[in-house]
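I opened this model to look up its pockets. A few single residues were on my list as well.

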Amino acid sequence: MSTFAQRERLLLADLLETVGPDAETLCEGWRTRDLAAHVIVRERRPDAAGGTLIKQLAPRLEKVMAEYTAKPYEELIQLIRTGPPRFSPFQLKQVDEAANVVEFYVHTEDVRRAQPDCSPRELDPVFQDALWSRLERTARLVARGVPTGLVLRRPDGQTAVAHRGAPVVTVTGEPSELLMFAFGRQDAAKVDVDGEADAITKLHESRQLGI
């Protein structure tokens, strides 16, 4: 049975193949080759992937990333499609769903929305609910450094308090768009932002959203 993580994985692989290795992405400084390498290192090289969060591992991550970006692009695409190694925890459906749904959705949009011919993507309500569930669990983590209060709100009124404080900025949108906003893609997220003008400016300029 296909899962959301598997679906988003294959969508990302197909998109990376279509746009080629040197297309722009929403990740500053990264072309599609770099993004592909990041996805692979994250699930195939845990000895290096921790460098995104642990300063002492950053040099190793940089070295391993360089090794993968030097590989043929077609090989990178195939590694994404085939998924993690046999004995990786990511092979477990529950782990894959928990760890990769947001990862692959956001990176697919990183590629899609950086292209000049990008068109809106319609997502079914079940998938939107799945994204909302994950956003509720991670909202405080990704917003821990913001300088204002932050509330994320769905169009139906459901809310998640991402950061307590004052003044409060309220961001309203579909879960998929709120995810893009909360994971640092504020300029690309299709959301409505309400609050004091100074607070909104401070939140936008802080660049503290995301992991």
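Entry 1: I am working from a predicted model. I keep that in mind for every entry below.

**Entry 2: largest pocket.** I looked up the volume and got about 1,200 Å³. I then listed the lining and found 32 residues. His-107, Phe-183, Arg-185, Gly-210 and Ile-211 lie nearest the centre of this pocket.

Which helices supply at least two residues each to this lining? I noted α2 (32-44), α4 (58-69), α6 (93-112) and α7 (125-142). Helix α6 gives the largest share, with 6 residues.

I sorted the lining by class. I wrote down 17 nonpolar, 7 polar and 8 charged residues.

**Entry 3: second largest pocket.** Here I read a volume of about 220 Å³. The lining has 16 residues. Nearest the centre I found Arg-121, Glu-122, Gln-128, Ser-176 and Glu-177.

By class, I have 4 nonpolar, 4 polar and 8 charged residues in the lining of the second largest pocket.

**Entry 4: Ser-176.** I picked Ser-176 from the residues nearest the centre of the second largest pocket. Ser-176 sits in helix α8. Is Ser-176 buried or exposed? Its relative accessible area is 3%, under the 20% limit, so I logged Ser-176 as buried.

What does Ser-176 touch once neighbours within four places in sequence are left aside? I listed Tyr-105, Leu-123, Gln-128 and Leu-131. Of these, Gln-128 is also among the residues nearest the centre of the second largest pocket.

**Entry 5: Glu-62.** I located Glu-62 in helix α4. That helix is one of those supplying at least two residues to the lining of the largest pocket. I read 59% relative accessibility for Glu-62, over the 50% limit, so Glu-62 counts as exposed.

I also took one distance. Glu-62 and Ala-49 are 13 residues apart in sequence. Their C-alpha atoms are 9.5 Å apart in space.

Methods. Residues numbered from 1 in each chain as written. Predicted model: local features only at pLDDT ≥ 70, side-chain atom pairs only at ≥ 80, totals over all residues. Heavy atoms only, no water. 1 Å grid on protein atoms, 1.4 Å probe; cavity = no way out; pocket = protein on both sides within 12 Å on 5 of 7 lines; lining within 4 Å. Points joined across faces, edges and corners; volume = space filled by probe spheres on them. Helix = DSSP H or I, 4+ residues; strand = E, 2+ residues; numbered from the N terminus. Nonpolar A, V, L, I, M, F, W, Y, C, P; charged D, E, K, R; others polar. Buried < 20%, exposed > 50% of the residue type's maximum accessible area, 1.4 Å probe, protein only. Contact = heavy atoms within 4.5 Å.
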